[in-house]
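Visitor: I'd like to learn how to read a protein model feature by feature. Could you walk me through this one?

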Amino acid sequence: MTQETEQKRAHIIVISNEKGGTGKSTISMHLAIKLMQEGFSVATFDLDGRQGSLSKYIENRRRFKEDKNLSLPIPDHCKIIPEDNPYLQAQAREAFGAQIKQRQNSFDAIIIDTPGTKNYLFDEAHKYADTVITPISDSLIDLNVIAEIDYQTDRVLKPGHYSNFIWDVKKFLASQGKPYLNWIVSGNKLSSYNSKNKIAVFSQLEKLSKLYGFRLFSGLKDRVIYKELFLEGLTVLDMGQPELKYKMSVSHIAAKREINALVEFISPEN
C-alpha cells in the first residue's frame, strides 16, 4: 500500500471465510495496527456483532491504553449486529453501505471482519472489496470451502461453496467497473511442524490457486501469544514499546515477521 497526497479513497480489505474459528479477528486487528503504525488511517468494521471478537479486542485495547496511560493506535471502529427480521434487511444493507461510503474518503484503509456464517452483511461487505483475505487452517476438512477433492485420485471434483461465492463476487465487481479482485488465501493457526496433513493441504492450495485465481500466502502459525495478548488488546506489533516492559521472545519476533510479510503481500505486485 502507498499513501497518496490527493483525496483519499480507502483500500477495502475484507477478511472472510464461510467457516468460523479461522482467526479472522486476530488477522483483522493485526492488519489494522500494522497499517496505523506505518502512518495509514484505518477504520474497522465488526460484522460478527453478536460474537464481536474484534470489537472485544478493540475494547480491551482501549481500556488497557487508558489504564496504563499508553500511546497505542486504535482504529475508528464500528460494530454491527445483523438484523434478523428479513423485512428490515434491505434497509440494514443500505445503512451499512452508507457507513462504508462515509469512511471511504476519510481513511486510507477499511478492514471488515465478517461473520463465520454467510448472511446479508457477509454478502454486502464483498461488494466493496478491493482485497479479500481468506484464512484457512492446515486441515483437509477446512479445504472443502475452497474445493471438493477426491484425495484417492488427487482430482478436483468441483469448487467449494465459498469459491463459488467469490466467483460471483468477481462477476459483480467486474459489472461495476472493477475487473480485478485481489483474493488472498492465507494459512492461519498453522502447526509449527510440517506434518503430512499440512504438506497435503498446501500442495492442494498451490494447485487450486491457479485454478480459482487466488494468491497463496504461506501464513501465520498457531501461537499462544495471540490468545494472551487479546486480554490486553495488544498485538505482537506492540511488543517493542519500552513502556510495556515486555521481553521480546523468539516467538514474538517470528510472529511479527509473519504479520509484516502478510501486509507486504497484500500488494499484488509482490
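Guide: Gladly! Helices H1 and H8 are roughly perpendicular to each other, because angles of 65 to 115 degrees count that way, while those under 35 are roughly parallel, over 145 roughly antiparallel, and the rest oblique. Their packing angle is about 80°, with the axes 10 Å apart. This is a predicted model, where local features need pLDDT of at least 70, side-chain atom pairs count only at pLDDT 80 or more, and totals for chains, interfaces and linings use all residues. Residues are numbered from 1 along each chain as its sequence is written, and side-chain values use heavy atoms, with hydrogens and water left out.

Visitor: How are helices and axes defined here?

Guide: Helices (H or I, at least four residues) and strands (E, at least two) are DSSP runs, numbered from the N terminus. Axes are lines fitted to C-alpha atoms, for helices over the stretch in contact, and angles run from 0 to 180 degrees between N-to-C directions. In this model H1 covers residues 24–37, and H8 covers residues 250–265.

Visitor: Which residues make the contact between H1 and H8?

Guide: Contact means heavy atoms within 4.5 Å. H1 contributes Ile27, His30, Leu31, Lys34 and Leu35, and H8 contributes Ile259, Asn260, Leu262 and Val263. By class, that makes six nonpolar, two polar and one charged residues. Here Ala, Val, Leu, Ile, Met, Phe, Trp, Tyr, Cys and Pro count as nonpolar, Asp, Glu, Lys and Arg as charged, and the others, Gly among them, as polar.

Visitor: Is Ser28 buried or exposed?

Guide: The scale is relative accessible area: buried is under 20%, exposed over 50%, and partly exposed in between (1.4 Å probe, protein chains only). Ser28, in H1, has 0% relative accessibility and so counts as buried. Beyond residues up to four places away in sequence, Ser28 touches Ile15, Leu54, Ile111 and Asp113.

Visitor: Which residues touch the most other members of the largest nonpolar core?

Guide: A nonpolar core is a set of buried Ala, Val, Leu, Ile, Met, Phe, Trp, Tyr and Cys residues joined through side-chain atoms within 4.5 Å. In the largest one, with 43 residues, those are Ile112 and Ile146. Apart from it lies another core, of 37 residues, whose members include Ile27, Val42, Ile184 and Leu237.

Visitor: What does the side chain of His126 make a polar contact with?

Guide: A polar contact is a pair of N or O atoms within 3.5 Å; within protein, one must be able to donate a hydrogen and the other to accept it, and residues adjacent in sequence count only if both atoms are side-chain atoms. The partner of His126 is the side chain of Ser16, at 2.9 Å. His126 lies in helix H4 (residues 120–126) and is buried, at 0% relative accessibility.
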